[in-house]
Amino acid sequence: MSQKKAARTKATKSTPRSAPAASSKGLHSSDLREALSWTITDIHAQGWARGTGGNFSAVRRRQPLTLLMAPSSVDKGLIEPDTLIEVNEAAQVVAGNGRASAETLLHVAIVQATGANAVLHTHSVFGTLLSAYYAPRGEIVFSGYEMLKGLENIQSHETRVSLPVLPNSQNMAQLSQQVRDMLQRHPDLHGLMLAGHGLYTWGESLFQARRHVEILEFFFELTYQRLMLIPPHRRG
Ligand SMILES: [Zn+2]
């Protein structure tokens, strides 16, 4: 049976009420195209990549480096396994139809610097807002919460997780070099933010990277709500 037929067969077996359980098979699929397209449409459904915003990649091959990605300017809610493209480390499309995102070089920088096998980049409301708000201090910090343990290698709420906030730029060659430098200085980062733009996070697997998106987006919303509880003149 073709992958497409198999996906359709799975889809017809699920009912609307059992959608989350049926969908999780997509994330755990041994077919990287199916797992990545499920992840992208799920992130879109959460409202973290509206319009054609955000971009997402998984490493298909290390030598030569080949990333599986959604094409640029495509609604992320409409991604199917066979619409994904393959790009090389110079951000050139080597398989599939469509253009590579301008931000592909950032994905390349992250997978080369960290050894990650998946990079997920969201444009959520809270991520956009907080990355602009915390840009002057250059980082956003989370501390004291149980949910931090959802991040890889974090064992306790008594910890301090920092996400650096870099100035946004349209010069991707320069920005990707800044990201490489940052990851060389701080190899243990779980993610980074571009001011007024959004979050980049990654993981050893697509599963881990997606968990990091969920945890960090949780903390963006929590941080915003916490700020709302504090009188304006005391907000930091
Ligand atoms: Zn972006």
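User: Which residues of helix 6 are buried?

Analyst: The buried residues of helix 6 are S176, V179 and L183. Buried means that 20 or more other C-beta atoms lie within 10 Å of the residue's own, exposed that 12 or fewer do, and partly exposed covers the range in between, with C-beta atoms placed from the backbone.

User: What is the model, and how is it numbered?

Analyst: This is a predicted model, in which local features need pLDDT of at least 70 and side-chain atom pairs count only at pLDDT 80 or more, whereas totals for chains, interfaces and linings use all residues. Residues are numbered from 1 along each chain as its sequence is written. Helices (H or I, at least four residues) and strands (E, at least two) are DSSP runs, numbered from the N terminus.

User: Back to helix 6: which residues are exposed on the other side?

Analyst: A173, Q174, D181, Q184 and R185 are exposed there. The buried residues are covered by elements including helix 4 (104-114) and strand 8 (191-194).

User: Changing topic, in what order do the strands of the sheet run?

Analyst: Nine strands form an open sheet in the order 4-3-2-1-5-9-8-7-6, with mixed pairing. Two strands pair if DSSP finds at least two bridges between them. Strand 4 (93-95) and strand 6 (139-143) are the edge strands, each pairing on one side only.

User: What does strand 6 pair with?

Analyst: Strand 6 pairs with strand 7 (residues 160-166) in the antiparallel sense over five bridges. I140 has L163 of strand 7 as its bridge partner.

User: And strand 9, why is it described as largely enclosed?

Analyst: Six of the six residues of strand 9 (residues 198-203) are buried, so the strand is largely enclosed by the rest of the structure. Strand 9 pairs antiparallel with strand 5 (residues 118-122) over five bridges, and L120 has T201 as its bridge partner. Four bridges join strand 9 to strand 8, also antiparallel; here L194 is partnered by G198.

User: What happens at G196 in that hairpin?

Analyst: G196 takes a positive phi near 65°, and the hairpin of strand 8 and strand 9 has three residues between the strands.

User: Which residues does V119 contact?

Analyst: Leaving aside neighbours within four places in sequence, V119 is in contact with S57, H107, I110, V111, Y200, W202 and A209. Contact requires C-beta atoms, placed from the backbone, to lie within 7 Å.

Definitions and conventions: Two residues are in contact if their C-beta atoms, placed from the backbone, lie within 7 Å.
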